[in-house]
Amino acid sequence: MTSVEEPARPNGRIRDAARTKAEILDVATREFARSGFAGARVDEIAARTRTTKRMIYYYFGGKEQLFTAVLERAYSVIRQAEQELDVEHLDPVAAIRRLAEVTFDHHERHPDFIRLVSIENIHEAEHIAASEKLGRIGSPALEVIRRILESGQRSGLFTADVDAVDLHAMISAFCFFRVSNRHTFGALFGRDLVAPDQREHYRKMLGDMVIAYLTADRATD
């Protein structure tokens with residue numbers, strides 16, 4: 001099989017590979033988020049990156065692989081934020097509230113991530129399932145949640161039967177819905193879930209909801 005040489009720039013210099021791939025991924029992220037997997041066009045991505053379709057195929061192999069790479073990078077951002085989360089110095093209540101806020105802040109700042117995940121769900125997660133990288137990434141948040149739950153249970157603050165995955169799903173569901181359903185919710189109920197003047201209200205509401213769930217079965221006098 002004949003190998004494909006990396007395309008050169010008009011002036012003859014080979015473009016910096018890392019910079020070129022990052023530029024392609026930036027544009028591809030916006031294109032897939034806007035048009036979906038089926039509607040996105042590699043030709044359009046090439047035109048917006050001032051490169052060629054051939055170069056995109058050289059780096060990524062094709063549209064399927066490019067979409068997978070976009071998903072991998074999108075998930076790596078939230079995973080990195082989870083890995084950098086430092087709550088060891090906080091009490092369990094403050095720690096779990098802080099973890100919920102990290103997800104809240106990330107989803108609000110990255111609406112394209114929300115769209116990409118929604119699109120991937122339409123495709124029944126076939127690209128994620130096929131990605132070795134995403135399989136290895138996992139979710140650092142789960143380990144953090146487990147440690148917080150164990151600490152809270154030892155101190156008697158949290159109930160002993162709370163599952164870390166269930167709690168992660170609860171936090172993610174609120175944060176995801178707030179962004180993904182902003183427009184339909186607003187049209188039906190006349191309320192913008194991401195309105196700046198309501199941000200702290202919903203951020204605190206999430207933390208209060210999580211704490212209420214974790215402390216619901218506490219013994220009372």
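Where does Leu85 lie? Leu85 sits in the loop between α4 (63–83) and α5, helices being DSSP runs of H or I with at least four residues, numbered from the N terminus. This is a predicted model, where local features need pLDDT of at least 70, side-chain atom pairs count only at pLDDT 80 or more, and totals for chains, interfaces and linings use all residues. Residues are numbered from 1 along each chain as its sequence is written, and side-chain values use heavy atoms, leaving out hydrogens and water.

**View A. Leu85 and its contacts.** Leu85 has 17% relative accessibility, so it counts as buried (under 20% relative accessible area, with a 1.4 Å probe and protein chains only). Leaving aside residues up to four places away in sequence, Leu85 touches Arg98, Leu99, Val102 and Val144 (contact: heavy atoms within 4.5 Å).

**View B. Helix α5 packs with helix α12.** Here α5 (residues 92–109) and α12 (residues 199–215) pack at about 135°, their axes 9 Å apart. Axes are lines fitted to C-alpha atoms over the stretch in contact, and angles run from 0 to 180 degrees between N-to-C directions. The pair is therefore oblique, the class left once under 35 degrees (roughly parallel), over 145 (roughly antiparallel) and 65 to 115 (roughly perpendicular) are taken out.

**View C. The buried residues of α12.** Tyr202, Arg203, Leu206, Gly207, Val210, Ile211 and Leu214 are the buried ones in α12. They pack against α5, α9 (140–155) and α10 (164–180).

Methods
Helix = DSSP H or I, 4+ residues; strand = E, 2+ residues; numbered from the N terminus. Buried < 20%, exposed > 50% of the residue type's maximum accessible area, 1.4 Å probe, protein only.
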